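Have the viewer open and follow along.

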Amino acid sequence: GRQVTPVGAGAALISWSGSMFEYLMPSLVMRAPADSLIETTARLVVRRQIDYGRKLGAPWGVSESAYNARDLELTYQYSNFGVPGLGLKRGLADNVVIAPYATALAAMIEPQAAARNFERLAAMTAQGRYGFYEALDFTPDRVPEGKTAALVQAFMAHHQGMTIVAIADTVLEGAMRSRFHADPLVQSAELLLQERVPRDVVATPRSVAESARMRARSADAGGWRNANPWGATPDTQLISNGRYTVMVTAAGSGYASWRDIAVTRWREDATCDDWGSWIYLRDAITGEIWSAGLQPTGAAPDDYRVVFNEDRAEIHRRDGTLSTTLEILVSAEDDAEVRRVTLANLGSRSREIEITSYVELALAPAAADAAHPAFSKMFVETEHLATAGALTAHRRRRSPDEPDIWAAHLAVVEGEAMGARELETDRARFIGRGHGVHAPASIVGARPLSGTVGTVLDPVFALRRRVRLAPGASARIAFWTMVGSTRAEILALIDKHHDVSAFERAAALAWTQGQVQLHHLGIDRTEAGQLQRLAGHLIYAAPTLRPPSEIIQAGEGGQPSLWSLGVSGDLPIMLVRVSEEHQLNLVREALTAVEYWRTKRLAVDLVILNERGTSYVQDMQVALETLVRASQSRPQVDHERAPGHIFLLRGDLIAPETAALLAAVARIVLVGERGRLADQMEYAPEARSVAHQALRRQVAASELQVARPVPNIEYFNGLGGFG
């Protein structure tokens, strides 16, 4: 009556999770007589584990262990893993976690195979100071881009102890088993171990869907979000460590902020999308000009691709025989961002490329900078640190209680650099008279940067380096921008990041932080990408998820009309309208979205409108209140919460004109009757067309050719719907 599963030409007992621990841990102290049910099962299971590792192209040995997911305290999480078909547990094919202690257990059955597997694990740097590390995680969702496995750098005493005992039993002919069976109490039960394999067994076949599901997950491993730079509104991505935030669009524009301070100047302009930090490139021989992203030059590339991930944004483009990759990420441990440009020469002749960074500084609250930009610029003073090759900027305080703000900018080159470093902090000198950021005079005129620093009227950060690329060669240059509260702090950051290895460290920590946040929120990369897409509708006003024009027109009114609801109207508003219990899942998704956005320091007001009719039984209202309280009681990922509140309103207690105004000013309106969040986003796609793409390419190209200043069109903005 025992349930077994076919393994090769035999049949083995089924366990719960199919782990090596469940099958072989008893063999550390307990004998398995030859040809008994226990011995046969152990032998077949080890063979099945070896075959499974060979099929995956990875070391073998799957058992319960820690894996590459962490909680808010950065503690590795623990779960049971096994080989599909050996366990009753569903979803065993969804994870591939190799635990070295499983190989040690298998050494008691197949010592030669175990020795070879240990050698393979050691070659993959799985061995540390205290023995082999806890595990190697090959699960695609938990592996950094460009790597095949993530090393779980922990040691568990329990697993290390089993490793020692298993190897001792192997080389000392079962010494621990002999001691165990010397006990009279154990001897009295030894006959139970003699159970033979039944002659007639009914094997439970393995699910054919397990391996197919694993292949499907591997194909969609990264959860990457491909962005479109030609959309009706800019595709955006938010990258943050909870203090420093970068918003980047698919065209390469965006902003950087530190806490409540705008590091770079930015205005909401979905049409031009020409505000941000940029990197210009110029061929020193031919004079050809383009940028690492589509903006600001607008030069049409031969190939252009943008991928957004939780920890970084990547822009890939090819111009003739030169390939460019721009990687943007935020350091998880420091208030700094890095933009690394990788240049690859695909042609047969050498190239000399000038790379120039450009950062337009604000160093002030965004509202203050937008209200009086010319006045705000007068208080920023710049400096060049020649020994470190860095630029610094400091905002002079207007009052004793105003915070001290320092910023720095430096470039780290990997490759054959040529010439001296050039720098500029005066925007007027960089742009030039009659020019704009699309075609600055210092770029199109091939003029050297002036090196101006000090009290300038319009401060920027601009650094220029030149690299030589032999045929088939590549070079990298990383531009760091960092912020601090004191001069000493900013100098320490410069010293820390003035090294080529700083980028790799920042990338590893940023990836880890992203996994921690997703694990805490209980969402995967695909869901995070969906929330990032939704955030774009808050950053840039778009008609996609808003009511029709007639409803917006019917909601005319002033901002004070919202104050009776407690809503200020100063922040972007997301409105969720529900009326039935089965629509509560949409509210859960909205609450998760708000919590996710706050980890990115995106300020938003969530308004939940209960449109259930008047009744003595307020079960719908009670359910909504419970959801909101549960969301707010969860531990927070970030220590400094972004502004924004959650408002729970009853439709029967709100005046019709106020409800209409709320719907009119909300940048996102989700209706419970339309289904889940994914459904509402799928059936309201952004308007994109080939003609629109061609038109934007033509406009960008004409702007570059004319090389004239492009006016910054400021129009009705209002983050919450009011100017």
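Val45 is buried, as its relative accessible area is 0% (buried means under 20%, exposed over 50% and partly exposed in between, with a 1.4 Å probe and protein chains only). You'll find Val45 in helix 2, residues 37-56; helices here are DSSP runs of H or I with at least four residues, strands are runs of E with at least two, and both are numbered from the N terminus. Leaving aside residues up to four places away in sequence, Val45 touches Ala12, Tyr23 and Leu86, where contact means heavy atoms within 4.5 Å. Leu13 is 32 residues from Val45 in sequence, yet their C-alpha atoms are 8.9 Å apart in space.

A quick word on ground rules. This is a predicted model, where local features need pLDDT of at least 70, side-chain atom pairs count only at pLDDT 80 or more, and totals for chains, interfaces and linings use all residues. Residues are numbered from 1 along each chain as its sequence is written, and side-chain values use heavy atoms, with hydrogens and water left out.

Now try Ser376, which sits in helix 10 (residues 373-377). Ser376 counts as buried because its relative accessibility is 7%. Its contacts, again skipping residues up to four places away, are Ala362, Ala364, Asp369 and Arg395.

Next, the second largest pocket. A pocket is an open set of points on a 1 Å grid over the protein atoms alone, where a 1.4 Å probe fits and protein lies on both sides within 12 Å along at least five of seven lines; lining residues have an atom within 4 Å of a point. This pocket's lining holds 23 residues, with Pro144, Lys147, Ala507, Ala508 and Trp511 nearest the centre. Helix 14 gives the most, 7 residues, while strand 3 (65-70) and strand 9 (150-152) each supply at least two.

Zooming out, the protein chain has 21 helices and 31 strands, and 55% of its 723 residues are buried. Among contacts with a separation of 6 or more, 71% join residues 24 or more positions apart.

How far can you trust it? The average pLDDT (the predictor's confidence in each residue, from 0 to 100) is 88, and 89% of the residues score at least 70. Over residues 207-223, though, pLDDT is below 50, and this stretch has 27 contacts beyond near neighbours in sequence. Residues 685-723 are also below 50, with 75 such contacts in the model.
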